[in-house]
Amino acid sequence: MANLNKTELVAAIAASTGQSQATVGSVVDALFSTVAETVATGGKVSIPGWIAFEQTATSARTGRNPQTGAEIQIPAGKRVKVTAGSKLKASVK
């Protein structure tokens, strides 16, 4: 299989489960909405063996503007860390 966009992913899941694309699309949307809400509030979403999403903090640091070379101060912030699980890692070997 080649790359899948959301529409193709929904169609593939619908075909393999016998559910309508509308139903599967709603579930996929709800999944990512729930992941975003949980991670935004500092929680972690983990699907053992497959994938985990969590929020991490970044510290303030000095960076450089690549066009001018001028130093800039990058404030502390938050980012999302996505970790592949053992089953996902094994599938690409």
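Buried denotes under 20% relative accessible area, exposed over 50%, and partly exposed in between (1.4 Å probe, protein chains only). By that scale Asp-29, at 41% relative accessibility, is partly exposed. The model is predicted: local features need pLDDT of at least 70, side-chain atom pairs count only at pLDDT 80 or more, and totals for chains, interfaces and linings use all residues. Residues are numbered from 1 along each chain as its sequence is written, and side-chain values use heavy atoms, with hydrogens and water left out.

**Salt bridges**

- The count is 3 salt bridges, each defined as a side-chain nitrogen of Lys or Arg within 4 Å of a carboxyl oxygen of Asp or Glu.
- Lys-6 and Asp-29 form a salt bridge at 2.3 Å, N to O. This pair links distant parts of the chain, with Lys-6 in helix H1 and Asp-29 in helix H2, 23 residues apart.
- Helices (H or I, at least four residues) and strands (E, at least two) are DSSP runs, numbered from the N terminus.
- Lys-44 and Glu-54 are joined by a salt bridge at 3.9 Å, N to O. Here strand S1 (residues 44-47) holds Lys-44 and strand S2 holds Glu-54, 10 residues apart.
- Lys-44 is exposed, with a relative accessible area of 51%, whereas Glu-54 is partly exposed at 22%.
- Arg-64 and Glu-71 meet in a salt bridge at 3.4 Å, N to O, and both residues are exposed.

**Helix H1**

- Ile-13 lies in helix H1 (residues 6-17) and is partly exposed, with a relative accessible area of 31%.
- Lys-6 is also partly exposed, with a relative accessible area of 43%.
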